Amino acid sequence: MIRLNNVGVSFRKENQKKIFGKERQQILVDVSMHVKEKECLGILGESGSGKSTMGRVICGLLKPDCGKVEVEKPISIVFQDYTTSANPRFTVKQIISESLIVRERRESIRLDREKEIRKLLELVGLSEEFSLRYPHELSGGQLQRVCIARAVALQPKIILFDESISSLDAYTQVQIMDLLKEIRKKYGLTYVFITHDLSSVTYFCDRVLFLYQGQIVETCEIAELGKVKDEYAKKLLNSVVNLR
Ligand SMILES: Nc1ncnc2c1ncn2[C@@H]1O[C@H](COP(=O)(O)OP(=O)(O)OP(=O)(O)O)[C@@H](O)[C@H]1O
């Protein structure tokens with residue numbers, strides 16, 4: 001479904017002595033991984049470990065310096081900052097319509113947009129009255145539901161979530177994860193879930209990959225978390241008292 005082989009990414013270092021200095025900082029080092037069809041894979045690592053960079057490579061937003069990237073199916077993305085990923089001047093209806101318009105163009109069809117929007121809002125647990133609201137008239141959880149509806153409207157086979165629920169309170173996080181589980185089951189989707197939060201990974205994912213300083217140091221099934229060998233992964237696990 002998704003396969004990365006020996007992927008490397010580097011960026012030009014900032015604060016170089018020479019104005020046109022060519023020193024580069026290696027962000028992803030020899031990253032190889034795969035995502036199986038219909039699984040939910042967590043990518044876990046601390047801030048700066050390269051998670052978002054890996055997400056951007058998977059989505060095709062960033063071309064790696066080396067290595068091979070294969071993504072077999074259409075992919076949608078839900079970003080961390082839902083407040084800026086939705087246009088503040090758009091109503092909910094317009095935000096979701098953006099994806100419907102893409103689909104109409106892609107498939108050369110004309111959709112009954114009103115009907116589709118009603119169905120999508122229902123799917124994410126929002127009533128029809130939300131369709132005329134602007135982002136500032138919604139709570140964080142409601143706006144993230146709208147962003148999820150927009151991602152699902154593209155009818156992807158894969159959805160990548162980049163810290164999509166991290167800024168929500170714990171209760172809303174669980175509600176959104178439950179909603180995403182339902183959507184995944186209903187449409188047979190594959191998820192890639194980028195986060196720094198181990199407890200959400202254990203609640204939500206089937207398998208997790210630990211990223212440390214741009215390298216995958218451990219991959220394991222959630223049911224086998226107790227068997228991890230890598231020191232960094234162990235440290236992360238020990239820092240969370242309650243796993244489920
Ligand atoms: N376009 C860019 N140009 C230069 N450096 C970059 C660029 N994008 C990311 N970086 C650097 O790459 C490193 C990894 O960033 P990345 O956003 O992938 O980490 P992350 O694990 O997602 O962190 P966080 O959890 O804080 O979002 C950071 O040191 C960052 O400063």
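## Strands β8 and β9

Strand β8 (residues 207–212) and strand β9 (residues 215–221) run antiparallel and are joined by 6 bridges; strands pair if DSSP finds at least two bridges between them. Arg-207 has Glu-221 in β9 as its bridge partner. The two strands form a hairpin with 2 residues between them, and Gln-213 in the turn has a positive phi of about 45°.

Strands (E, at least two residues) and helices (H or I, at least four) are DSSP runs numbered from the N terminus.

## Basis of the model

This is a predicted model, in which local features need pLDDT of at least 70, side-chain atom pairs count only at pLDDT 80 or more, and totals for chains, interfaces and linings use all residues. Residues are numbered from 1 along each chain as its sequence is written.

## Helix α5

Helix α5 (residues 140–153) has 14 residues and reaches 20 Å from its first C-alpha to its last, close to the 20 Å expected at 1.5 Å a residue; the expected span is 1.5 Å times one less than the number of residues. Gln-155, with a positive phi near 50°, follows α5.

Of the 14 residues of α5, 11 are buried, so the helix is largely enclosed by the rest of the structure. A buried residue has 20 or more other C-beta atoms within 10 Å of its own, with C-beta atoms placed from the backbone. Among the buried residues are Arg-145, Cys-147 and Arg-150.

How values were computed:
Buried ≥ 20, exposed ≤ 12 C-beta atoms within 10 Å, placed from the backbone.
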